[in-house]
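These are my notebook entries on one protein chain. I kept each entry to a single topic.

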Amino acid sequence: MKHRLFGWLVLAVLMIVMSGCATLTAPVVSAQVAAQETAQTPNYADVTPPAYPLHQTYNPVLPPATSNPVKEITLRVKNVTTDIAPDVPVDLWLFEDTAPGPVLHVNLGDTVKFTLVNEGTLEHSIDFHAAQTPWNTNYVSIRPGEELSFEWKANYPGVFMYHCGTPPVGHHIANGMYGAIIVSAPDLKPVDKEYVLVQSEFYVTKGKDGLYHTDGTKMNSVQPDYVVFNGYANQYKDAPLTAEPGQHVRLWVLNAGPTTFSAFHVIGAVFDTAYADGHPQNGQQGMQTVTIPPGGGYMVELTFPDAGLYPFVTHSFAYTGKGALGLIKVGDGGGATATTDMSH
Ligand SMILES: [Cu+2]
């Protein structure tokens with residue numbers, strides 16, 4: 001009995017000694033591991049961001065084009081911090097004050113006298129998809145404080161993208177540097193309502209300053225955190241587009257990307273006519289969903305016979321739940337407040 005007790009005592013002493021060694025070495029090792037992990041995957045989730053101006057609802061109504069055949073347009077590049085979803089402030093680069101930049105509206109045949117002013121802190125540029133103009137002279141990057149002016153003629157009608165083309169282009173687009181220009185054809189039939197929707201993706205990671213920044217790794221592996229219309233996740237779920245029963249509605253839809261395709265669809269509706277890139281001669285009848293490539297657009301026309309709520313989405317449903325959902329409220333919305341959570 002005594003002999004067995006002595007054995008237990010020896011074992012206990014050995015365990016105490018070993019655990020002592022472990023307590024001596026463990027913090028050193030865990031500190032090294034922690035340092036390595038911090039270097040690889042920094043986590044700033046708990047960092048409080050500085051105060052920032054909150055996103056204001058982007059006006060989706062197509063602004064009128066003036067009748068002057070010469071349009072003088074200036075876009076100023078600015079660094080602006082604002083949110084793209086609740087509590088997600090991003091250090092954006094913008095044309096003027098919003099992502100998308102302002103909706104530009106000109107008429108077919110207009111001359112655009114354009115000036116880019118770089119009030120940012122990096123090099124930026126402009127690329128108008130509606131223009132026929134040399135890339136090497138007019139789409140060049142300009143430095144902070146510089147200006148660039150050139151003229152072009154709007155020879156094709158439709159909905160076109162404009163964006164910064166400074167490398168890495170995807171990064172400049174994902175950081176907010178995109179917008180829509182509508183070139184109206186004179187034979188375009190009047191409709192009751194005209195809206196502009198620009199789909200785009202955001203790829204962001206929180207930094208040590210508490211703000212979110214575009215994440216090139218997520219961007220190049222096409223893992224968007226948000227896919228949105230007009231720069232903010234689900235903004236027209238809370239502030240719906242409106243129409244009355246029987247009205248003819250025209251949607252100018254641009255996909256700014258930078259990478260994913262849009263499967264644009266309105267739930268509960270059929271496009272009576274859908275025009276690829278918004279060109280009046282590209283009409284297709286009775287379309288349910290239109291495929292819009294990054295850097296491309298569609299103009300769709302539709303009528304809602306009945307009052308109610310009609311969600312618009314990208315029908316690529318992995319992205320719908322990331323913010324690519326809005327509502328068209330027809331009439332009184334049918335008095336309904338249907339759930340519109342498409343994330344599951
Ligand atoms: Cu840029």
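**Entry 1. Ground rules.** I worked from a predicted model, in which local features need pLDDT of at least 70 and side-chain atom pairs count only at pLDDT 80 or more, while totals for chains, interfaces and linings use all residues. I numbered residues from 1 along each chain as its sequence is written.

**Entry 2. The chain.** I counted 6 helices and 21 strands; these are DSSP runs numbered from the N terminus, helices being H or I of at least four residues and strands E of at least two. Of the 344 residues, 40% count as buried. I call a residue buried if 20 or more other C-beta atoms lie within 10 Å of its own, exposed if 12 or fewer, and partly exposed in between, with C-beta atoms placed from the backbone. I then looked at contacts, meaning pairs whose C-beta atoms, placed from the backbone, lie within 7 Å. Among contacts between residues at least 6 apart in sequence, 75% join residues at least 24 apart.

Entry 3. I traced an open sheet in the order 3-8-7-5, with mixed pairing; two strands pair if DSSP finds at least two bridges between them. Its edges are strand 3 (104-107) and strand 5 (127-128), each of which pairs on one side only. Strand 3 runs parallel to strand 8 (residues 178-184), and 4 bridges join them. Within this pair, His-105 has Ile-182 as its bridge partner, and Val-106 has Val-183. Strand 7 (residues 158-163) runs antiparallel to strand 8 and is joined to it by 6 bridges. There, Met-161 is bridged to Ala-180.

**Entry 4. Strand 8.** I asked how many residues of strand 8 are buried. The result is 7 of the 7, so strand 8 is largely enclosed by the rest of the structure. One side carries Tyr-178, Ala-180, Ile-182 and Ser-184, the other Gly-179, Ile-181 and Val-183, and both faces are covered. For Ile-181, setting aside neighbours within four places in sequence, I listed contacts with Leu-104, Val-106, Phe-128, Ala-130, Phe-160 and Tyr-162.

**Entry 5. The core.** I looked up the largest nonpolar core, which has 83 residues, and found that Ala-180 and Ile-181 have the most contacts inside it. Strand 14 (residues 248-257) gives the most to this core, with 6 residues. The core takes at least three residues from each of domain 1 (70-186) and domain 2 (227-335). By definition, such a core is a set of buried Ala, Val, Leu, Ile, Met, Phe, Trp, Tyr and Cys residues joined through C-beta atoms within 7 Å; the domain bounds come from an automatic or database domain assignment.

Entry 6. Strand 9 (residues 193-202) pairs with strand 12 in the antiparallel sense over 4 bridges. In this pair Glu-201 stands opposite Val-227.

**Entry 7. Gln-235.** Apart from neighbours within four places in sequence, Gln-235 is in contact with Thr-57, Tyr-58 and Asn-230. I also noted that the C-alpha atoms of Gln-235 and Leu-325 are separated by 8.1 Å, although these residues are 90 apart along the chain.

Methods: Contact = placed C-beta atoms within 7 Å.
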